[in-house]
Amino acid sequence: MSEGTQPIVGIIGMGDMGRMYAKRLKAGGVESIYVCDKPESYASLKQEFEGTGIIPLANGHQVSRISDFIIYSVEAAALPHVVKEYGPSTKIGAVVAGQTSVKAPEKDAFEKYLPPDVGITSVHSLHGPSVTTEGQPLIIIHHRGSQSNVKMVEDIFRSFKSRYVYLSYEEHDSVTANTQAVTHAAFLSMGTAWRNSASYPWETARYVSGVEVVKVNITLRIYAAKWHVYAGLALLNPDAQIQIQQYAKSATELFKLMVENKKQELEDRVWEAREKVFGWKRDQEPEPSSSSDPHTHSKSAAGTGIETGIRDPILLSEDILDQFSLGSKPQESTNSTTTTSTPNSHLSLLAMVDCWSKLGIRPYEHLAVAGTPVFMLWIGVAEYLFRQPALLSSAIQAALSDRIHRPDDIEFVVAARGWSECVSFGNFDLYKRRFEETSNFFSPRFEEATKLGGRMIKAIQDLQAGKRTAGQPNIQ
């Protein structure tokens, strides 16, 4: 490629993310984009992109031979096979990237099957295909080749207006495991528990306000996505496997303390987890400032050496969360002055923080690296519960004495152990079947959950930016 010539971009794999990349790069001014998918999709791709300037080719060999920058946008489990097939055809001097959420298999496949005269500067957009790229983290991993390749990748994605984050392959997988593995396990388990109990959570008075709205909405958003988005991280990232196993163990052990009514042991364990993960002493009421948290000034994300800077608390509030609902509050509570639902053990969140504590993980420190709005919801809902001593004490008391939620807690523990066993088997077909059984159960409410989630994220973004104004109307 001569100096001043715009690079030709090739995309192998035209799923949701491949299509998003092709369309947004084209809209951003990339002149030449060649794409391909499975051979049987060639005719339909030609018809779909006719007249758009995005040019489908018959296979990855043709894309690899002509392109200066090649993105493999395929499922993590399939990536090694696809790179083995098309990698040897890569153009001399080209740069190759993979848009996968798990980088260890990608690194191995690139090193094994790409010619030695090919550069490797990989990427990963930390958001889904329907989310705006502007302001979102775009991971850039420069692994092999000239440093000028990084500049080329930056220039290609300039129109995305994303926030570039520079990591190694190992740092990437550590960050994604620490921020997503346990949260995915928690919300996947919640969904499976509700399916097994054959109840939609928004149809009961127990799940209509506050933190419950966030829990239900995140669960629905996860199950509305493609199963392989989560399977790759869980089954192919060794760090994630360890965390998912510990999450099931944490849920089981906490539940045993609940049913055995071992109050002191349960209290000590929960408050200890609070201090280890968030840095707040027992019964300490943190000031609404990051300066009160000794962990917020940590200069690097644990285990990665990644600069994170100073963290402000996410500060979700009941006032914010009560704007949203996936169901209707019962008539008898309409005139009540309180908006708090029946006290709940929040076992899923207790286990989440307990798991991080046992493994020495403080995932909120990665906010500067992977701080997408959805990720802020995931971490923020745990911070919301643990930040308020009175609310956390109420959850502990409910764990010991409440019988209304006990059947749900039983289903949840069973579900968490089931997901842990599924991951330990390393079987993608089993993961897919387990995921889709629950996804089909919730599918009638996906559209509503997506709309609600977008409004919720916007409200939280406005709060973070100090833009929220008093008297904002309720959103139903």
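E272 is partly exposed because its relative accessible area is 37%, where buried means under 20%, exposed over 50% and partly exposed in between (1.4 Å probe, protein chains only). K276 falls in the partly exposed class as well, with a relative accessible area of 42%. The side chains of these two residues, E272 and K276, form a salt bridge with an N to O distance of 3.3 Å; the term requires a side-chain nitrogen of Lys or Arg within 4 Å of a carboxyl oxygen of Asp or Glu.

Both E272 and K276 belong to helix α11, residues 263-278, and their spacing of 4 residues is about one turn of the helix. Helices (H or I, at least four residues) and strands (E, at least two) are DSSP runs, numbered from the N terminus.

## Basis of the values

This is a predicted model, in which local features need pLDDT of at least 70 and side-chain atom pairs count only at pLDDT 80 or more, while totals for chains, interfaces and linings use all residues. Residues are numbered from 1 along each chain as its sequence is written, and side-chain values use heavy atoms, with hydrogens and water left out.

## Other salt bridges

The whole structure contains 15 salt bridges. One of them joins D68 to K91, with 2.7 Å from N to O. This pair links distant parts of the chain, 23 residues apart: D68 sits in the loop between α3 (60-66) and β4 (69-72), and K91 in the loop between α4 (79-86) and β5 (95-98). D68 is classed as buried because its relative accessible area is 9%, whereas K91, at 26%, is partly exposed.

A further salt bridge pairs D155 with R158, whose closest N and O atoms are 2.9 Å apart. D155 has a relative accessible area of 36% and is therefore partly exposed. R158 is likewise partly exposed, at 44% relative accessibility. Together with K151, the residues D155 and R158 are linked in a network of salt bridges.

## Cysteines and disulfides

The number of disulfides in the structure is 0, taking a disulfide as a pair of cysteine sulfur atoms within 2.5 Å. In general, a disulfide is a covalent bond between the sulfur atoms of two cysteines.

C36 counts as buried because its relative accessibility is 1%. C355 has a relative accessibility of 0%, so C355 counts as buried too.
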